[in-house]
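Dear colleague,

My notes on what was found in it come after.

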Amino acid sequence: MTLLVTGAAGFIGSYVCRALRARGQAVIGLDNYNDYYDPQLKRDRVAALCPDTDIRAIDLSDRDGLAALFDEVAPTRVIHLAAQAGVRYSLTHPHAYVDSNLAGFVNLLELCRHRGVQHLVYASSSSVYGDSAVPPFSEDQRVDQPRSLYAATKAANELMAHTYAHLYGLRATGLRFFTVYGPWGRPDMAPLLFSRAVLAGRPIQVFNHGRMRRDFTFVDDIVAGVLGALEHPSQDEPPHRVFNLGNHTPVELEHFIGVIETAAGRTAEKVYLPMQPGDMVETMADTARAKAAFGFEPTTSIETGLPQVVAWCRDYFGADA
């Protein structure tokens, strides 16, 4: 019984592949290795975390390529982590989000439907809560006021998956990730951006003048949630559910920077800037539903997780941090 992981060379995808292989699971991955950030980091990540995973270079928009892969490996379950990521990038490159997150997701849904996939677990995002959110964010809150096109595509994915569950009985589970961080993370996100800048003595841009709170969630906790959700498909009718996966502990941005400073042994040079379009002031996950459904309970504080990021940045980037 083969499991397909999309976005397998990505940050979360590589860790998920490693965890699945450690369980003895047969895994096939796919990734398009695009240049949203340095593809060499993706290759190095795979070499370090999941070198024994067979990862095919396929784009979600390639319907024929995807269909051929499904015919070849006949996956019984799919963990869909591939997407065009980034809130700010969506302001300037909207078509990349339509191609990957909307058209690509439909391509995947169609193959899951027609090839008899037993369970689709897919990545959503805390950004779906948008302007209607009231912390702590619960899955019952509205998600119809997104602050970015990226958030809109993720909310659309949830509606699309629900539709396929309703019409065709496709078991699907959406996971709203809250600011995932860890070694081998995405270089466009604050944990790596800030860690690298502080190590190198470069200034960091602190938006909304530092008045922000984020529910930073360590990658190991996210992986535990993904695997827990995978093993607990919905028995509801229609068989579709959505869960928050977050740390349930929002952190002040200034404290977050302070942890990095301590780990780096250097003081950050901060450049305070206004709020950026598309950003949210605060995120905080209500994880009660995930805990009840599959025992999700994150355990990693930023005081434990962030120093690992700083150490990895120092090791991987060296003097070029």
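In which loop is tyrosine 33 found? Tyrosine 33 is in the loop between β2 (26–31) and α2, where helices (H or I, at least four residues) and strands (E, at least two) are DSSP runs numbered from the N terminus.

Please keep in mind that this is a predicted model, in which local features need pLDDT of at least 70 and side-chain atom pairs count only at pLDDT 80 or more, while totals for chains, interfaces and linings use all residues. Residues are numbered from 1 along each chain as its sequence is written, and side-chain values use heavy atoms, with hydrogens and water left out.

Backbone first. Tyrosine 33 has a positive phi, near 50°, although it is not a glycine, and with a relative accessible area of 22% it is partly exposed (buried means under 20% relative accessible area, exposed over 50%, and partly exposed in between, with a 1.4 Å probe and protein chains only). Histidine 248, in the loop between β11 and β12 (251–252), likewise has a positive phi, near 60°, and counts as partly exposed at 37% relative accessibility. A cis peptide bond joins proline 135 and proline 136, with omega about -5°, and proline 136 lies in the loop between β5 and α6. Another cis peptide bond joins glutamate 237 and proline 238, with omega about 0°; proline 238 sits in the loop between α8 and β11 (240–245).

Next, the domains. The protein chain is divided into domain 1 (2–178 + 218–245) and domain 2 (181–215 + 248–320), with bounds that come from an automatic or database domain assignment. Their C-alpha centres lie 23 Å apart, and the contact between them (heavy atoms within 4.5 Å) takes 40 residues from domain 1 and 34 residues from domain 2.

Phenylalanine 218, in strand β10 (residues 217–218), is buried with a relative accessible area of 3%, and beyond its neighbours within four places in sequence its contacts include Tyr181, Pro183 and Gln308. Serine 127, in the loop between β5 (119–125) and α6 (149–168), is buried at 9% and, with the neighbours within four places again left aside, is in contact with Tyr150, Ala151 and Met280.

Finally, helix packing. Helix α1 (residues 11–22) and helix α2 (residues 39–49) pack at an angle of about 20°, with their axes 9 Å apart; axes are lines fitted to C-alpha atoms, for helices over the stretch in contact, and angles run from 0 to 180 degrees between N-to-C directions. The pair is therefore roughly parallel (a label for angles under 35 degrees), and Phe11, Ser14, Tyr15 and Arg18 in α1 meet Arg45, Val46 and Leu49 in α2. With helix α8 (residues 219–230), α1 packs at about 60°, the axes being 10 Å apart.

Best regards

Note on methods. Angles under 35 degrees count as roughly parallel, over 145 as roughly antiparallel, 65 to 115 as roughly perpendicular and the rest as oblique.
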